[in-house]
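Subject: Structure handover

Hello,

Here is the structure you asked about. Please open it first, then read the notes below.

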Amino acid sequence: MIQAPGKTRQKILRKTSIVVLILLIVSVTAFPALGDDDETDFIIPDYGYTVDYYRSYGEPILQASVTGNPELNRGETADLQIKIANKGVIEGFQRLNVNQTWISDSSEEKLAVAEMEEEEEECTTAKNINAYLVSETEYIEIESATNIQNVEELETGDTANLRYTISVDSDTPAGNYVLLLPVSYDYQANVRTATGEVMNLGLTDMEYTREYKTKTETLRIPVSIKSEPKLEVADVTGTLKQGENRVIEITYTNTRESVAQDAMARIIVMTPLSTEKSIVRLGDIGPGENKTASFEIAATGDATVKNYGIDSEIKYVDEDGETSFSDNLKVHVPLEAAEKKISTTGIAIILIILIALYQIVNMHRKRNQNDDENASGDENE
């Protein structure tokens, strides 16, 4: 079993002890009656008004277990149903030496047998059961609103269902855990037969007095967290570029305890990005192992320069042979601007401009040359 840290465990145990004490006080104050249900309980006759023919040996025995599958999933909030059963048995009776001289032996024997039947009827019945669920680990929390459960009465051989809301942390390590269920309850410890003297107290219809004891104990509820892979993105290499196809490499890692079998990585890209092959087979990914998938992704020439978030997931087969999927794994990839290039049309225009400039310059040169020749001719004349 994986234990909580020392300080946390001590706090939990102290809290459990306080809760058990509170339940014990509530149980005692809420269950004072010692007589039959239809008898007056304001006056309890002392031993001078009762006799004890039999002492029974037996009491309730409570057991608890999870109803259904005790295996929990990480990150879930669920109703945990716990069944408590009363397996109490009567181990025997002891006949006490009592002799009431004012009645015949046969009458006294009938009273003794009747008392034994009263002992047998309820000595293994648990009454006013209070149950409080406690988690020993910081990874499992019990919702306080559902924590205190009560069962009015549980006869031997009967069961009752308790329901607690629990939350399991998403980072809970796989393994076996134990939840504690402190319970307190009352049970009939002894029945005494009322004598004729009880009439002097004004209790004309009382036949028996009943002594109750309160018992507290802690039941253990084993649960487990399923072993499974957890796949995450460990690294991303490569960049995208406007108007080009680029290879992006995504490295996935398994951070949990079991193998992700026959794993396949898949990416989902949307315009202005595209890919011809969106699925890459990775094979088995063991605990702590990395696998890298290469995807060729194209970006349109007018794609906005920024970081793109690409959705990714891994399909795999778990240890039960079931097909499972990882969480959505976001991959962030930067897109760069394309290099500035002069188009063919631009080059043609530049050539035309250069030719035109050349022609203009050439015409201007020739015109200047002709003007110079004309000026020289005029001087010679």
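The side chains of R210 and E118 form a salt bridge, 2.6 Å from N to O. The term means a side-chain nitrogen of Lys or Arg within 4 Å of a carboxyl oxygen of Asp or Glu. This pair joins distant parts of the chain: R210 sits in strand β13 (residues 208–225) and E118 in helix α2 (residues 105–122), 92 residues apart. Helices (H or I, at least four residues) and strands (E, at least two) are DSSP runs, numbered from the N terminus. R210 counts as buried because its relative accessible area is 7%. E118 is also buried, at 18%. Here buried means under 20% relative accessible area, exposed means over 50%, and partly exposed lies in between (1.4 Å probe, protein chains only).

Before you go further: this is a predicted model, in which local features need pLDDT of at least 70 and side-chain atom pairs count only at pLDDT 80 or more, while totals for chains, interfaces and linings use all residues. Residues are numbered from 1 along each chain as its sequence is written, and side-chain values use heavy atoms, with hydrogens and water left out.

More on salt bridges. The count comes to 19. One of them pairs R256 with D171, at 4.0 Å from N to O. Both residues lie in loops: R256 between β16 (245–254) and β17 (260–268), D171 between β11 (159–168) and β12 (175–194). They are 85 residues apart. R256 is buried at 12% relative accessibility, whereas D171 is partly exposed at 47%. Another salt bridge links E244 and R246, at 3.2 Å from N to O. E244 is partly exposed, with a relative accessible area of 33%. R246 is partly exposed too, at 22%. There is also a network: salt bridges with shared partners join D171, K230, E232 and R256.

Next, the aromatics. How many aromatic pairs does a search of the whole structure find? The search finds one. Rings of Phe, Tyr and Trp (its six-membered ring) pair if their centres lie within 6.5 Å; planes under 30 degrees apart count as stacked, over 60 as edge-to-face, and the rest as tilted. The ring centres of Y54 and F93 are 6.4 Å apart and the planes stand at 85 degrees, so this pair is edge-to-face. Y54 belongs to strand β2 (residues 54–59) and F93 to strand β6 (residues 89–95), 39 residues apart. Y54 is buried at 12% relative accessibility. F93 is partly exposed at 29%.

Now a sheet. Four strands make an open sheet in the order β3-β5-β11-β9, with antiparallel pairing. Two strands pair if DSSP finds at least two bridges between them. β3 (62–66) and β9 (140–142) are the edge strands; each has a single partner, so one side of each has no neighbour in the sheet. β3 and β5 (residues 77–86) run antiparallel and are joined by five bridges. Within this pairing, S65 has K83 in β5 as its bridge partner.

Last, the surface. I347, I349, I350, L351, I353, L354, I355, L357 and I360 make a nonpolar patch of about 830 Å². Patches are made of residues with over 30% relative accessible area and no salt bridge; like charges are joined within 9 Å, nonpolar side chains (Val, Leu, Ile, Met, Phe, Trp, Tyr) within 5 Å. Areas come from the Shrake-Rupley method with a 1.4 Å probe; for residues, only the protein chains shown count as cover. L354 lies in helix α3 (residues 344–380). L354 is partly exposed, at 49% relative accessibility.

Best wishes
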